[in-house]
Structures are given as C-alpha cells and as structure tokens.
Amino acid sequence: MTVSYPQGTSRRAALGALGLAGVGALTAGCGSPIAAGIAGTGPNATSLTYWNLFTGGDGINMVAMTDRFRAAHPSVHVDAVTLAWGTPYYTKLALAVIGDRPPDVAITHLSRLPTLAEGNLVEPLRADDLAAHGLTGDRFTAAAWRKGQVGGQQYAVPLDTHPFVMFYRTDVCKKAGLLDATGKLKPIEGTDGLVAALSACAKVTGGYGGVVNVNADPATCWRWFDTLYGQLGGQVLADNGTRIVLDDAKAEKALSFARELTVQRKLMPSNIDGSGVTQLFASGKVGLLFDGEWQIPTYQGAKTPFSVAPVPNLFGGTYHCFADSHALILPRNGRRDARRRDESLTLVRGLLDNSLVWAKGGHIPAFREVQDSAAFRKMQPQAQYVPAAKAAIYDPAGWYSGAGSDFENIMGFAVSAVEAGQLHPAAAIAQLRQKLADYASKPAPVGGTGS
Amino acid sequence: MTSTVAAPPAGALPGVKDEPRAAGAIGQTRAGWGLLTPFLVLYLAFLIGPAVYGLVMSFFDGSSVRSGLGPFAGLDNYTEALTSGDFWSSMWHTVLFTILTTPPLVIVALLLAMLTDRIRRGKWFFRLVFFAPYVMPVTCVGLVFTWMYVPQTGLFASWLSALGLPAPAWLADPNWAMIAVALMTVWWTIGFNFVLYLAGLQDIPRELYEASAVDGAGPGAQWWRITVPLLSRTTVLVTMLQIIASLKVFDQIYLLTAGGPNYSTRPVIEYIYDVGFTDFRTGYGAAASMLYFVVILAVSAVWFAISRRRA
Amino acid sequence: MATLTVPEAPTRRAPAKAPTDPRHRAFTVLCVVVLVILAALWLVPMLWAVDTSIRPESEITTSPATWWTSHPSLDAYRQVLSAGRMPVWYLNSFLVALLTAVFAVVVCSMAGFAVARVRFRGRRIVTGLVLAGLLIPPQTLIMPQFQEFAGLHLLNTYWALILPSVPTSVAVFVFASFFSGLPGELAESARIDGAGWFRVYSRIFLPLCKPAASAVFIFTFVWSWNNFLWPLLTMTSTEVMTIPVGLNVVQDSYGIRYAQVMASAVLGALPLFAVFLIFQRRIVEGIANTGIK
C-alpha cells in the first residue's frame, strides 16, 4: 500500500501504532492519507507529485499538458498541485524541502533559481541524466538555458520565456487611427508617441486610453517599472545583491512618467486592481494594456478583439522589457532514488514535448523544437514578440530577488504608490532605497556553508 | 485552545483538600509526579524547550536552509530589529489593529448582550446568530469577506453605490485595508465577548431593576446606572482578553491582504514569518519573536496586576 | 477567581416580570427592532456565501452582487467534493482535532488531578511552571518549534499538529479547579479501601469531571480545527493538510470560480456549525466559566 523508508522508521512506527490505537476502527481501510499523516510514510512509489503556480489560462493549459503526459505514460500517476503564485509559493517550496516531503517536480521562475540553488533546496541535474532524456543546451533558447545554471551547474530545465508586452484593442486603435493598412499597430516611438497614442484611444473610449495594474499586485508594478527604467539603462542591484546601484535620476524619470500617465494626464487609471484591469480592457474602455503575455488567454476567452506588440521603446536607448522564464526543477529530496529521478525527468521531458499547448498561454517555448516549429510560427499573436525572449535580461541576482520576492515587493509597492498618487517619485525612491539597504547590508542566509 | 490564555492565574488554584496521610508523603509524591509525567514530558518537550531554544537561537545567525545554530551573533539580531523600520512599522500595525478592534469588540458586544438579555423570547436565536461566526475557520471567513470586498462589483461596493457613496478599494487601499480587516474581525469574533457579557448579565440580581423601577427610573437610566457599572468586572476581563487576542493577529491579515498594500497592514507575526521562513533568517526571526514576547508579557503583567487588585 | 470557576449547570432564573411601565414596553420594542436589524446584518456574510455557492458561475460573472438566481444548483458542492481534495482534508482535520482533544483531556485531567488533589513534594514548582505556560503565546514559538519538528522528521505528520497542542496550561487549571471543588471524602474513603492514587483518579474523579472534560474536549477540538498558522508552516504536503490550510494553499487551476470557492468555504465551516448546534450550551457555558479563547 505504501512504501516506508528505512530512515526513522521505528519512531514513526511506534507513533503510528499509538495513533492507530487512538483512532481505532476509524482508520481501518482508509489507506494512504492517514498513513502519511500518522506515520509520515512517503507517497505511492509510482506517483509523482508535481507543483506549479498556474491558474486561469495557464492553469488550463498545464492541466491539458499534464493530461497528455498521463495518456502517454499510463504507468506514472501524476498528482499535480496548483499553489498560489508569488512569495507564498517559494516559502512553501522551501518549507516542503525542509519538511522532508517536497514535490518530485516543481515549477520555478528562473529569476528565483540562484536563491533556491544556494539554499540547497534544489537538486543539481547531472549532464548524463539530462542527456538520457534528450535535455541538452543546444535544444533550448540559449539565454534561458544559461539562466538554468548556478555556478556552472545545471539546476533547471527552462519551459518558456515570458516577456512583459503591450496589448492593444484593434477596434479602439483603428478608430483612433493607430493601425496601419494591414491592421497592425503603427510603431509608437518615445514617451510623446505613447502619450499621443493613449490620448487618441482616450478620445475613442471617452475615458481612459490605457491601463496597467496598480493595486495589490506589486509584481506587475515592478515589471512596468523595470521596462521603463531598463530602457533608460538603469540597474538596481549589483554584486549578487550586496550593492544598490539605483540611478536616482533615471528612476525618477521612469517613475515620473508612470505617474504622469495616471495622476497628471489621467490617461490610465490610478486606482485599479487585477479584475478591474481585465474588465476595462475586455469591455473596450481602454485601447492599450501593459501586462504579461500570459494574459492572452483571458482576452481570447472574452472574445476581445486584440493583438499584442512589444512595449515600445520609450526612451530611445537599448531596447529592454521585463522578462522571466518558467522552468522545471527537482526539489532536493534525500529519499529520491535513481528510478524516481528518471521518472521525474520523464515528466519534465513530457511537459516540454507538449509545450505548444503551453504557447497558447502566450509564452514563448524554450524548447527549440517547438519554438521553431511551423505550428508555433503560425500562432498569433505569439509570433510577434519572439525576439523579446532571446534578448531576455532577468531580475538582478541576490538572495532576496526574483519572481515574487521581497525585492519585487519592495520595488512594486513603491511604484504602485507613485502610480496611485500616494507618493512622489523622490519619496518612493527614498523608501525603496532604505528598504533595499536593509537587505543588501545583511549577510546572505543562503550559500556559504551548506547543510 | 492554546491560542489565548484567559484565565488570570491569581488564586486559580484552591488549596489542596486534606487527604488522609495514611499512604505517606512518599507515596503521594510518587503518585503526583506519576500523574504529571505525560503532561510534563509534552510540556517541556514542545513548549518550554522550544521557548528556551528560541532564546538561544536569537543570539545566532541561523538559517533555515543550513543545519545548526549558525555563527554566533551576540546581540546583533536584537540591534537590527530595534533599529529596523520594518520591524517597528509591523509592531505599529499590530497595535493599530488592536486599537481598531478592541473598542468595537467590547462596546458592540456589550450592546448586543444587553439587547439580547432584554428580550424574553428567541434569545437562543440571537445567541446563535452572533456566536456562530466565531466557530468558523478563519480561512472560510477570509474567503467570504474577500468576495464581499471585491472592488466595484462586490457586495459592499454595490451597497455603497446604491446609497450613492463612493466605494473604496477596500483591501487595496492602504487607508482602508486595516479597517476592512478590522470589520471582518469584529464580525467574526464578537460572539466570544458577547457570551461573556451574557454570562455577566446573568449575575445581576433582578431586584435591583425592580427597585429602581419603583423609584421611577426609565430603562435607559437603568442600563446606564445599574447594568453597565455592575458589568465592570466583565468589561475589564473582556477588554484585557481582547487586547491580548488582538495583539496576536496574523491569520486574517495574511489571508485578506498578505500584509499589503505596500506593507501597510503587515503585523509583527507576519514580519516574523517573512524574515524567518521566506528569508530563511531563523536567528533574526527568533530575536524578533523574543521582542514581541516581551510586549505580550508586559500586557499580561498589567492584566495580572489588575486581576490581583480586584481579587 | 470567577473566570475559572467550575463549569456547572446554569442557574435558570425566572423571567423578569412583565414591566408595566409603558416606557419599558416601548423600550423593549425598540430593543427588539435594533436587535433584529443587527442580527440581519450579522447573517449577511453567511447567507451571501450560501447564496453565491448555489448560483451558476456565468450568472456570478455577469451580475456579481445580485442575490436572486434563476437556476439554483448544488453543482459547485458536487464539484468541490468530487474533484477536489476536500474529503482528505476533512479526514485530516477531523483526526487531528479528535486525537488532540482526546489526548488533551487525558493528559491534562491527570495533571489537573495531581495538582489539585495530591499533596506531593514539588507541587508548588510544578504549579508555577504550568502557570508560566499561560504567558507564552504559541505564535512566538513558531521558529524554534519548526526547527525542532524538522529535526525530529515529524513535519508533514499529524504529530506536528497534535503534540504541541496537547499540553495546555488552561486545560490543567480547568480540571484542577473542578477537582478541588469536589468533596474530599470521595478520595478519603477510596484511599481507606486501599485504592492507589491512579485508581482514585481514573475510577472516582475522572467519571465525575464530565463538565470540565467536555469543555476542554470541545474547545480543543474547535481550536485545533481552526488552527491556521502552525499547520500552514508544517503541513506542506496536500495529503496531510487540514481544511483551513488546504483551502488557502491549494488553488483552482482554472482560476477563481466563486461558486466553488464559496461552496468550499461553506463546507469547511459546516462541521463546526454542527458541533456548535449540538453543544451550544456547553460551549457557551465553557466560555462563560473559563474564559478560554
């Protein structure tokens, strides 16, 4: 029924016996959950636990991919668990590894990988194990594969690259005269160009011209800021997060522009949350939307007439937009034997093989076979922003940085307060500087002497 | 049940009845310790032990992803916490939550109890209605209120707009988020104080009312001159219990706002959770826990002193 | 201390005489009106949750804040119970709460008996030690306790939830004050008959302490069922999660479907409502007499 492991068996057995005595007949025949609860036995030998953080459109696609894998490998039982996105996910992942019951396979953001690896929370992947499943660097987007390494050691297999992009409603933009003859958005250049485009949309909608999430979503605020600030050539952290290299003038310029759009010009709402954003764009009350490409399914589902373009180059420097990657990891687990590792990698490979389904969610597949396939090239609007994946620059390294991290929260909350008109750019910079300094000055709790 | 301790310790233990000495002192000593063993083993292993270990941890720079205590840090963790703006602002949020919740949870509970006590039929129904939320798991309460607090289209927003009032973005607005959390807390936990007041009302002799009615006192005057003063003991109890319970807030805030927006609602327990588990800094988390423990201890000491004086 | 008196049958008073003063009558009417309004307000969240849970998802999307539904159905409940992990979480919550409550009653009643009725060397020290437990908020112990259970390899087992919740100082004092309220002759005669102390406890005192035992049992059960922070830290495997943790941690991959979310909220609260309805009097008396929170 269940497999018990030699380590600590006798104590568990003793406690198990005690517990069984206490519950009496109740436990009879109830099987493995109770055994797991009382005796701490591991999961079924042929069952793989797979953690991810996808809901909505991505969630549906991931369910489809997992189902396809199940159909192709009927002997492997995959128990897929969806957890809440963001900080709680990574906290949970760490707690699960420390708690001896990590999932067999888990999704991570590549921006989070260095901390996980230095915290000894993720298992290094041996090259020959990977090669046995056809997982070699030449078959992936180079930037993403490289980001899957920490200290030269491969820890993660990338699934995609997902940039921050600009959505546009074709109906609103057409009326605003922003489309060319083929129905594509005419290039928008510079901050003036964007202001003009937003104003044109605002005239059509009679309200706002565009929207970006402001409330209760620091990650989106950070992505918007990173896109603007990165285009000015700004950087936030250096030396593995121990030094703050924020350029106040550039940051203030980026923040002032974000604030100008919401507070001063009222071209974008200054008080709006995720569901409000969806409603505005889906109902045509705005023409432009700045968000992750993963929102594509939301608007396809809502039958919104829209397309997607890269965020315009607003400040004339080297092009930059926020991007991150989802990747698959094997969380560290002392109980994992060779067979289980092999099955886990089979699942990893199986998910990659189905990543055309994943691309429906807007993501650019990292697995080149899928990325270069005719089927993906035909996929619209995904094919519009593939170059953004190849040029991806990830969140700066640092133990408190990465997707859903303190770093993103600190940055995002400050940006949100500026967009909402609660803080002036200079005050926001002071706030985030001070909060970042708290982290930068501390010795990193990961890395160094591992356990 | 371990979550809040209510019982004031003073005089909690009545003297031991004089048992026959026949068995002898040694027998009694063996029996006493024997009966206490299961409790003491668990108590020392899982409460006192960790408390002592936590104190030790707070002097080291430990990490949850490294084994052992980590390098010795002396008082560094304490210095860092005491000079950290984040620590103090989270302390303030805990205090703010206490300030926002204690008065309504005491006054409204008193009002509800006096109203319920006044009616003759259907008391059970009101007791049920006001107390039932208290037994709901906090996650369920959080889910329901998150749904009601949805901006623009949620139930509360639709009520306010029906009245022609602008609806705030409840949980997303730093000016409103804590108030929204406090509102939910009042709804959820008032039943406990309400029941304590109902019990207090039972102890007020009816004759007092009858006598004052003969003297021509109106019902409002009776409430103000008889009920409220005679309930003062209960009020002290309820207030102190409420302050201590509110100072321990974590669940509601974690579920509704996760400490946001812009950290404006993060209470000290969530700060400890964040630094200790999300940032892996167990030593620092333990130090922050100790500082927080001192605050709780100080409030408990006040409670202790008050109940001593009144006893 | 009044707050720690023995749980006892409530003193039922004769209802107050009907006030003859018209001012009183008018005031009572006013009270009833205010009370009914407040009760209606208090019922809103619960009714709203139930109402949302029986509406079709499409209706909720188009008109979120409407009470009326043209197609009430229990589909959301069916989906939550069949597709979700709720049944396993129910089982976990139930077993953890039951085991915790049983152990707490046994362990704390023994300790309470010893403290109240046995005159043994070191009794004062023990009493002081147990009193100290009243002052330690468990929230301050999460860091060392987590390390301890990680070291014992007991995270993700019921024991991580049960063991720290069993030794409760309040429960010891509830039992102690109950036992010391019982007449001394009870123990005396048994001791003269040659019964050992454990027999005196288990055969004579334990059967008499039903009010205290049920108060401790019910409160430990409810508290354990509703406990959130500690299980959130220790139960990371979906197989062993309790209801409050599971509902918070595990998301629906299809996104938020409010009918199902509300259905699971209702289902999560239902067992405790049942407990409350059955034991209403005991719970209310338990609070009134002990101030356990």
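**Entry 1: the open sheet in chain A**

I looked up the sheet in chain A of this predicted model. Five strands form an open sheet with mixed pairing, in the order β2-β1-β3-β14-β6 (chain A). Strands here are DSSP runs of E, at least two residues long, helices are runs of H or I of at least four, and both are numbered from the N terminus. Two strands count as paired if DSSP finds at least two bridges between them.

I then checked the edges. β2 (77-82) and β6 (157-158) of chain A each have a single partner strand, so one side of each is left without a neighbour in the sheet.

Next I took one pair. β1 (residues 47-52) and β3 (residues 105-109) of chain A run parallel and share two bridges. W51(A) has A106(A) in β3(A) as its bridge partner.

Which helix lies across β1, β2, β3, β6 and β14 (326-329) of chain A? I found helix α14 (residues 338-353) of chain A there, at about 50 degrees to β1(A). Axes are lines fitted to C-alpha atoms, for helices over the stretch in contact, and angles run from 0 to 180 degrees between N-to-C directions.

Residues are numbered from 1 along each chain as its sequence is written, and chains are lettered from A and ligands numbered from 1 in the order in which they are written. Local features need pLDDT of at least 70 and side-chain atom pairs count only at pLDDT 80 or more, while totals for chains, interfaces and linings use all residues.

**Entry 2: two domains in chain A**

I looked up the domain bounds, which come from an automatic or database domain assignment. Domain 1 of chain A covers 43-159 + 325-379, and domain 2 covers 163-322 + 396-440. Their C-alpha centres lie 29 Å apart. The contact takes 18 residues from domain 1 of chain A and 13 from domain 2 of chain A. Residues are in contact if their C-beta atoms, placed from the backbone, lie within 7 Å.

On the domain 1 side, α3 (56-72), α4 (87-98) and α5 (113-118) of chain A are the elements giving two or more residues. I sorted that side by class: four nonpolar, ten polar and four charged residues. Ala, Val, Leu, Ile, Met, Phe, Trp, Tyr, Cys and Pro count as nonpolar, Asp, Glu, Lys and Arg as charged, and the others, Gly among them, as polar.

**Entry 3: helix α11 of chain A**

Which residues of helix α11 (residues 248-264) of chain A are buried? I listed A251(A), A254(A), L255(A), A258(A), R259(A), L261(A) and T262(A). Buried means that 20 or more other C-beta atoms lie within 10 Å of a residue's own, with C-beta atoms placed from the backbone. I kept one rule in mind: an α-helix has 3.6 residues a turn, so residues three or four places apart point the same way.

The buried residues of α11(A) pack against α9 (190-205), α10 (218-231), α19 (406-419) and α20 (425-440) of chain A. Just after α11(A), K266(A) takes a positive phi of about 50 degrees.

**Entry 4: chain B**

I counted 13 helices and zero strands in chain B. Its C-alpha atoms fill a box of roughly 75 × 75 × 30 Å along the principal axes. Of its 311 residues, 54% are buried.

Residues 40-60 of chain B are 86% helix, with end C-alpha atoms 28 Å apart. Residues 91-112 of chain B are 100% helix, with ends 31 Å apart.

Domain 1 of chain B is 26-76, and domain 2 is 83-310. I found their C-alpha centres 32 Å apart. Twelve residues of domain 1 of chain B touch nine of domain 2 of chain B.

**Entry 5: contacts between chains**

How many residues does each side give where chains B and C meet? Chain B gives 95 and chain C gives 107. Helix α1 (residues 24-57) of chain B brings the largest share of the chain B side, 18 residues. That side has 67 nonpolar, 19 polar and nine charged residues.

Then I looked at chains C and A. Here 28 residues of chain C contact 30 of chain A. On the chain C side, α4(C) supplies the largest share, six residues. By class, that side has 15 nonpolar, eleven polar and two charged residues.

Conventions. Two residues are in contact if their C-beta atoms, placed from the backbone, lie within 7 Å. A residue is buried if 20 or more other C-beta atoms lie within 10 Å of its own, exposed if 12 or fewer, and partly exposed in between; C-beta atoms are placed from the backbone.
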